[in-house]
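Here are a few friendly notes to read alongside the model. Please have the structure open as you go through the points.

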Amino acid sequence: MIIKFCGLTRQEDLDVAVRLGAHMCGFIFHEQSPRYIPPERAALLQSGNMKRVGIFVQHGFEEIRYAMEAARLDYVQLHGRQSVECADKLGAERVIRVLWPSRYAHRALLHTDILRHANSCAYYLFDAGFQGGGSGQRLDWEDLATLRVPHPWLLAGGLNAGNVAQALRLSKADGVDFNSGVEDAPGQKNAQAMEAAFAAIMAH
């Protein structure tokens, strides 16, 4: 089970994630996000053994490549309209491709997009809503269990200690991405909420 905390901006929150044993930590480089952090400041945050993930929205290849080096990223999470070719240039083994199931009128269309990115990513992330992230909205978890996904995938959207066990049971996800559900304010995580969410997964 892959556990990721996203929208991190403070060392104290990363320290909690490291102590809990999270696998990934996410830094949001989209300037319009309330959880935005510049790559240079993210570089100063220590992340232990966690894999470092940069979240990109309307960034081009050169901007992403710069941030990968500046912030010492292991993965790039592509939220925008970055092409398959862009992902290939960044390195498919380092790409987490975000898709929003609610955008698709039919599951067949979602499956088509999943397969379109199959050779240009290492993971998928299915988020709630129609764009962006950290909205607190939830997906139809049971419906996701029917998806045929060629790579491990993470579930995002309104996850917290109270619902993550049910979300995992219904969706059959390979991992979870916590953001707004464990915060006091955007970019400011709540240590007790992080601990409770982690404990809920361990008890699942």
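Are Tyr-75 and Tyr-123 buried or exposed? Both of these tyrosines are buried. Do keep in mind that this is a predicted model.

1. Let me start with the aromatic residues. The structure holds five aromatic pairs. One of them joins Tyr-75 and Tyr-123 in an edge-to-face arrangement, with 5.6 Å centre to centre and 80° between the planes. This pair links distant parts of the chain, 48 residues apart: Tyr-75 belongs to strand S4 (residues 75-78) and Tyr-123 to strand S6 (residues 123-126).

2. Tyr-124 and Phe-126 make a stacked aromatic pair, at 6.1 Å centre to centre and 20° between the planes. Tyr-124 counts as buried because its relative accessibility is 0%, and Phe-126 is buried at 0% too. Together with Trp-153, Tyr-124 and Phe-126 form one aromatic cluster.

3. Lys-89 lies over the face of Phe-61, 4.1 Å from the ring centre.

4. On the cysteines, the structure holds zero disulfides. For Cys-25, the nearest cysteine sulfur is that of Cys-6, 9.2 Å away; Cys-25 is buried, with a relative accessible area of 0%. For Cys-86, the nearest cysteine sulfur is that of Cys-121, at 13 Å. Cys-86 is buried, with a relative accessible area of 11%.

5. Finally, Ala-193 sits in helix H8 (residues 191-202). Its relative accessible area is 22%, so Ala-193 is partly exposed. Ala-193 and Gly-162 are 31 residues apart in sequence, and their C-alpha atoms are 9.8 Å apart in space.

Methods: Residues are numbered from 1 along each chain as its sequence is written. This is a predicted model: local features need pLDDT of at least 70, side-chain atom pairs count only at pLDDT 80 or more; totals for chains, interfaces and linings use all residues. Side-chain values use heavy atoms; hydrogens and water are left out. Helices (H or I, at least four residues) and strands (E, at least two) are DSSP runs, numbered from the N terminus. Buried means under 20% relative accessible area, exposed over 50%, partly exposed in between (1.4 Å probe, protein chains only). A disulfide is a pair of cysteine sulfur atoms within 2.5 Å. Rings of Phe, Tyr and Trp (its six-membered ring) pair if their centres lie within 6.5 Å; planes under 30 degrees apart count as stacked, over 60 as edge-to-face and the rest as tilted. A charge sits over a ring if NZ of Lys or CZ of Arg is within 6 Å of the ring centre and within 35 degrees of the ring normal.
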